[in-house]
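Hi,

Here's the structure I said I'd pass along.

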Amino acid sequence: MRKQRKQLLILLAVLLILAAAIPGVRYFVEKQEEKAAEAAKTEQDSKVLIDAAYEDVVKFSYDYEGGNYAFEKAEDTWHAADEPERNLKEYALQNMLSGVTPLYVLQTIENVTDFSQYGLEEPQRTIAFETASASYILHVGDYNSLTGTYYISMPSESKVYIVEQTVITGFNQTYEDVTETEEESSEESGEDISSEEPVDGAASEESGDDVTSEETGEGATSEESGEDISPEEPVDGAASEESGEGATSEETGEDVTSEESGEDVSSEESGDGASSEG
C-alpha cells in the first residue's frame with residue numbers, strides 16, 4: 001500500500017513538471033515560426049535587379065570622397081586604370097563587387113517623378129561596371145538611417161530602389177586601400193629584405209670575406225688566424241714564453257737570464273757563476 005502511494009506521488013510530480021514545461025515549449029515553437037516567416041518575407045521582398053557574376057566583370061569605376069577610381073581586368077588580372085603599376089589586392093576588389101554581382105533590392109518604388117526627395121536629383125555618388133555583354137550605372141542617393149538602407153536609381157528609369165547599406169559602403173575604398181604594401185608583398189614572395197640570413201651582407205656573421213668575422217682566416221683581428229699581428233700564440237714573437245730563441249724565455253737553454261741555464265752568470269745552479277752558492 002505504501003509502495004503504491006509512493007509511485008502515485010512520483011507520477012503526479014512528473015505530470016506537474018510536464019504541465020509547467022508546456023508553455024515554455026509552446027513559446028519556443030512560436031518564436032521559431034516567427035523567425036522562419038520573417039526570413040521568408042525578407043527573401044521574398046529581395047529581388048535580383050542585376051543578375052551578374054564577379055567573374056564576368058571586366059571593368060568598374062566609382063567616386064568616393066571627391067576622388068574617381070577605375071579598374072580594368074586584363075588576362076584575369078586587375079589593374080588600376082590610372083596607375084597600372086599598382087599591385088592590387090584582388091580579394092579587396094572582389095569584396096567591393098560582391099554587393100552588386102548580383103544586385104539585390106529590398107524594395108522598388110514605381111513611377112517616381114520627384115527624385116530630389118530621395119537625394120537622386122543630383123546623385124551623391126555613381127557606381128558603374130561592365131561585363132562582356134552589358135554595362136550598368138547606379139546613381140546613389142540619400143542614406144536612410146532608420147532602416148540602414150540607401151536609395152539608388154538607374155538612368156532613364158522612373159524607379160527608385162532601396163538596397164542594403166553594404167552595397168554602397170563596400171565601395172568606400174581608395175587606391176591605397178586596395179594596394180598591397182611592401183611588407184605584404186615580401187611576406188607572399190618569401191623575399192623579405194630584413195631576412196636574418198643575408199647572402200651578400202658586408203657585415204654578415206657567416207661571410208667568409210668579412211674583415212671582422214671570427215671564422216675567417218684573413219681577418220686582421222681574427223682569433224684563429226695564424227698571421228694575425230696580435231695573436232695569443234705567436235710563433236716568432238720576441239717575447240714568446242714558448243720560443244727556444246726568446247730573450248726572456250724560461251725554458252731556453254741559451255737565455256742569459258734563464259734559471260735553468262748552466263752558463264748563466266747569475267744562475268743558482270751554475271758551477272762557474274761568480275755568485276754561485278756551490
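Start with the hairpin of β8 and β9: four residues lie between the strands, and Gly148 takes a positive phi near 65 degrees there. Keep in mind that this is a predicted model, so everything below is computed from it.

How much of β9 is buried? Five of the five residues in β9 (residues 149–153) are. In a regular strand the side chains alternate between the two faces of the sheet. Here Thr149, Tyr151 and Ser153 point one way, Tyr150 and Ile152 point the other way, and all of them are buried.

Next, helix α2 (residues 90–97). Its buried residues are Ala92, Leu93, Met96 and Leu97. They sit on the same side of α2, because they cover an arc of only 135 degrees around the axis. What do they pack against? The partners are β2 (57–64), β3 (67–74) and β4 (77–80). On the face of α2 turned away from that buried side you'll find the exposed residues Tyr91 and Asn95.

Most residues other than glycine have a negative phi, and most peptide bonds are trans.

- Thr101 and Pro102 are joined by a cis peptide bond, with omega at about -5 degrees. Pro102 lies in the loop between α2 and β5 (103–105).
- Asp76 is not a glycine, yet its phi is positive, at about 65 degrees. It belongs to the loop between β3 and β4, and it is exposed, with a relative accessible area of 66%.
- Asn111, another residue other than glycine, has a positive phi near 50 degrees. You'll find Asn111 in the loop between β6 (107–109) and β7 (125–131), where it is exposed, with a relative accessible area of 65%.

Then there's the surface. Leu8, Leu9, Ile10, Leu11, Leu12, Val14, Leu15 and Leu18 make a nonpolar patch of about 750 Å². To place it, Leu18 is found in helix α1 (residues 2–45).

And the overall picture, for when you zoom out. The protein has four helices and ten strands, in the order α-β-β-β-β-α-β-β-β-β-β-β-α-α along the sequence. Of its 278 residues, 29% are buried. The accessible surface comes to about 20600 Å², and carbon and sulfur atoms account for 47% of that. As for contacts, among those between residues at least 6 apart in sequence, 47% join residues at least 24 apart.

Cheers

Technical notes. Residues are numbered from 1 along each chain as its sequence is written. This is a predicted model: local features need pLDDT of at least 70, side-chain atom pairs count only at pLDDT 80 or more; totals for chains, interfaces and linings use all residues. Side-chain values use heavy atoms; hydrogens and water are left out. Patches are made of residues with over 30% relative accessible area and no salt bridge: like charges are joined within 9 Å, nonpolar side chains (Val, Leu, Ile, Met, Phe, Trp, Tyr) within 5 Å. Accessible areas come from the Shrake-Rupley method with a 1.4 Å probe; for residues, only the protein chains shown count as cover. A salt bridge is a side-chain nitrogen of Lys or Arg within 4 Å of a carboxyl oxygen of Asp or Glu. Helices (H or I, at least four residues) and strands (E, at least two) are DSSP runs, numbered from the N terminus. Buried means under 20% relative accessible area, exposed over 50%, partly exposed in between (1.4 Å probe, protein chains only). The arc is that of the directions from the helix axis to the C-beta atoms. Contact means heavy atoms within 4.5 Å. Two strands pair if DSSP finds at least two bridges between them.
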